[in-house]
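Here's a quick tour for anyone opening this entry for the first time. Have a look around, then read on.

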Amino acid sequence: MIKGIKSKINEELFTKLFKFSMIILAVIAALLIGSVFILAMGVSPLEAYKQMLVQPFLSTQSIGEIIAKATPLIIVGVGVAFAANGACNNLGGEGQLYMGALGTIIITTSDWVKNLGIVGIILGMLAGTLFGAIWGGIAGYFKAYFKSSELITTLMLNYIAVYIIGWLVHGPLMDSGGINPQSEKIASNMHLAKLFTGSRAHIGIFIALACILFYWIVLKKTRFGYNLRVVGISTKAAMYSGISTSSYYFKGMVIAGAFAGLAGSIEVFGVQFKLIENMVSGIGITGMVVALLGLLHPMGILVAAILMSSLTTGAEIMQVASGVPTTLVSILQGLIVLFVLCSFSIKRKKKVKVIHEGGV
Amino acid sequence: MLNMTFITALLTASIRMTVPILYPAIGEAVAERSGVMNIGLEGQMLIGAFVTLITYNSTGNIAIGIILGGLAGAISSCIVAFVGVSRNQPQAVVGFMFNLFAAGVTSYLYRVLYGASGVSPTVEMINPIKIPLLSSIPIVGPILFEQDMLTYLAFILAFAVGFVMYKTKFGLQIRSLGENPRAAQSCGINVIRIRWGTIAFSGFMAGLGGAFLTVGIVGRFMENISAGRGFLALAVCILCHWNPVYSIIGAFGFGFVNAFQLRLQALGVGIPYQLLLMLPYVAALLGLAFLGRNMKGPKTVGAVYEKEGR
């Protein structure tokens with residue numbers, strides 16, 4: 001009995017170690033293929049990777065940048081992971097982020113919230129979360145009650161959100177005092193405090209860490225999280241135990257949208273201070289990568305978010321230093337996830353008892 | 001505004017805007033009928049469009065460019081086939097990551113070859129071919145029979161593929177994989193091989209769609225030239241009941257909306273152009289929500305298939 005438990009623990013530990021080492025291998029393999037692209041540029045890959053992978057950790061400014069970039073990634077990643085636990089693929093992070101940013105701007109630039117300071121921040125974040133939740137909820141509702149695939153509806157909602165933002169910042173929400181297509185800026189007493197001077201890192205990272213904790217508690221310690229996981233693992237099992245799968249699809253997408261909306265809100269309070277086009281481009285997709293690479297595990301999401309944000313930060317340094325385009329990061333992200341997926345299908349051979357007689 | 005010239009021009013443009021959605025939609029219909037989902041259409045379109053540009057630039061021949069564009073789509077889709085079919089990983093995630101990879105590769109190589117801000121090289125546009133007799137029919141003639149070769153090919157392929165899928169044994173085999181792959185396998189059909197084939201075919205079609213964007217619509221390559229058309233094709237595939245022939249209707253619907261918003265923009269109607277650009281996506285979203293419910297699609301789309309499982 002005890003021996004059985006022991007071997008089970010070893011088994012779990014082994015699978016975790018196996019997956020972890022596979023991710024490391026996938027990163028290395030992707031970097032190797034990436035070096036071919038760098039060579040095409042006529043730059044030495046070693047030199048470029050030194051700028052990309054080492055340089056970001058050498059100055060406080062770029063470390064701050066890593067933290068600033070990781071903040072929304074963690075939050076979006078948590079949202080995607082929530083939905084993924086309930087068997088929904090949330091590809092709509094981008095649109096939900098934009099909607100969150102929009103909700104925040106609408107509230108915080110309105111006359112009666114303008115000068116509220118900290119209360120304004122809270123109201124703005126609530127509004128952003130609500131807007132994101134609605135945007136995610138649309139896809140969730142369509143999936144749960146109209147059976148339309150969330151893969152496509154979330155993608156459509158992304159484009160719709162991008163165009164809505166484009167229209168608003170050129171039209172109704174455009175700052176009357178300026179000529180650039182951007183909204184009015186939020187009051188300076190509503191900016192999130194900086195972590196340390198000389199970088200863009202802000203205290204939003206603590207909200208992100210709280211989100212991870214929230215994710216872990218809800219998923220592992222509550223009935224809701226348990227039911228969500230049951231739906232994700234087997235819809236049949238969920239149905240037999242009386243869990244309404246469609247309501248959990250809906251809830252999962254609402255939560256995913258809410259987190260992405262919160263991330264958009266924090267981008268406004270911490271980094272952008274206004275609404276502009278392309279303000280969150282890439283965060284939604286990278287958030288998906290973060291959740292996948294983090295294997296939906298709270299710590300995994302944190303580590304994956306830091307990895308992705310340092311890659312992006314490093315790529316910017318590399319582009320300035322040696323002219324290698326930052327889009328190298330998209331190539332690496334895509335390759336890393338594809339390699340990780342490939343490696344997970346490699347299963348260890350198990351001894352199978354062969355039954356010679358009788359039925360199965 | 002609503003005179004004959006306007007309507008003719010609008011419908012001609014609609015047909016042209018139909019083509020880059022129709023190609024990938026046909027391919028996707030075949031792939032999903034065989035039980036696999038190729039979300040990577042968008043990326044394969046980008047690769048097709050890009051390869052067409054570089055082939056034209058080095059050979060000066062559009063025909064070779066188009067063919068290689070299609071082949072590049074097919075070859076790159078093998079990544080999706082390998083991870084999604086042979087390695088049995090969730091096809092939605094695989095396709096999405098493939099899109100990210102393809103967008104990265106095309107824009108990276110584009111910047112490497114032509115510089116980040118430099119003026120992009122133009123591509124010779126494909127010539128319209130007037131079909132004798134038919135093109136002299138009033139109204140319908142100029143709309144339908146003064147298009148280019150790739151446009152005719154798209155419509156011919158829609159019917160040809162529809163014929164193969166619904167009237168031949170091979171088509172039945174493909175469709176059987178979408179309904180019950182294990183039963184198909186027991187009849188001696190090689191599930192994995194046919195699914196590789198259908199994904200490669202959808203990649204080829206997406207590549208052709210991308211090539212048409214370069215030579216038929218824009219006349220050059222831009223980063224993110226496909227602008228969501230691959231995703232619209234996914235919606236068309238579902239809305240048109242996974243049927244290549246019906247896809248013509250759906251693709252034309254989106255082509256029309258697209259052409260219509262371009263005309264309105266050109267006319268300077270007081271509607272913000274972003275709201276017009278949004279129309280196809282809103283249409284697809286509502287269509288999926290309210291028509292998608294009664295669609296009985298292939299049963300096993302996207303499901304993991306294990307050869308030796310139960």
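At what angle do helix α1 and helix α7 of chain B pack? They pack at about 65°, with their axes 7 Å apart. (Axes are lines fitted to C-alpha atoms, for helices over the stretch in contact, and angles run from 0 to 180 degrees between N-to-C directions.) Before going further, a word on the ground rules. This is a predicted model, where local features need pLDDT of at least 70 and side-chain atom pairs count only at pLDDT 80 or more, while totals for chains, interfaces and linings use all residues. Residues are numbered from 1 along each chain as its sequence is written, chains are lettered from A and ligands numbered from 1 in the order in which they are written.

**Chain B as a whole**

- Chain B has 12 helices and zero strands; these are DSSP runs numbered from the N terminus, with helices being H or I of at least four residues and strands E of at least two.
- The C-alpha trace of chain B spans about 60 × 45 × 40 Å along its principal axes.
- A compact globule of 310 residues would have a radius of gyration near 19 Å, and chain B agrees with its 20 Å. (That radius is taken over C-alpha atoms, and the globule rule is 2.2 Å times the number of residues to the power 0.38.)
- Of the 310 residues in chain B, 52% count as buried. Buried means 20 or more other C-beta atoms within 10 Å of a residue's own, exposed means 12 or fewer, and partly exposed is in between, with C-beta atoms placed from the backbone.
- Take the contacts in chain B between residues at least 6 apart in sequence: 78% of them join residues at least 24 apart. Two residues are in contact if their C-beta atoms, placed from the backbone, lie within 7 Å.

**Back to that helix pair**

- α1(B) covers residues 4–33 and α7(B) covers residues 169–179.
- B:Val30, B:Glu32 and B:Arg33 from α1(B) meet B:Ile174, B:Arg175 and B:Gly178 from α7(B).
- By class, this contact has two nonpolar, one polar and three charged residues. Ala, Val, Leu, Ile, Met, Phe, Trp, Tyr, Cys and Pro count as nonpolar, Asp, Glu, Lys and Arg as charged, and the others, Gly among them, as polar.

**Where the chains meet**

- Chain A puts 38 residues into the contact and chain B puts in 40.
- On the side of chain A that touches chain B, α6(A) gives the most, with 12 residues.
- That side of chain A has 26 nonpolar, 11 polar and one charged residues.

**Helices of chain A**

- α6(A) has 18 of its 21 residues buried, so the rest of the structure largely encloses it.
- Just after α11(A), A:Leu295 takes a positive phi of about 55°.
- In α12(A), 18 of the 25 residues are buried, so it is also largely enclosed. Just after α12(A), A:Gly323 takes a positive phi of about 80°.

**The core**

- The largest nonpolar core has 213 residues, and A:Ile74, A:Phe259, B:Ala235 and B:Val236 have the most contacts inside it. Such a core is a set of buried Ala, Val, Leu, Ile, Met, Phe, Trp, Tyr and Cys residues joined through C-beta atoms within 7 Å.
- Helix α10 of chain A (residues 245–272) gives the most to this core, with 15 residues.
- Leaving out residues up to four places away in sequence, A:Phe259 touches A:Ile75, A:Val76, A:Val78, A:Gly79, A:Phe82 and A:Cys211.
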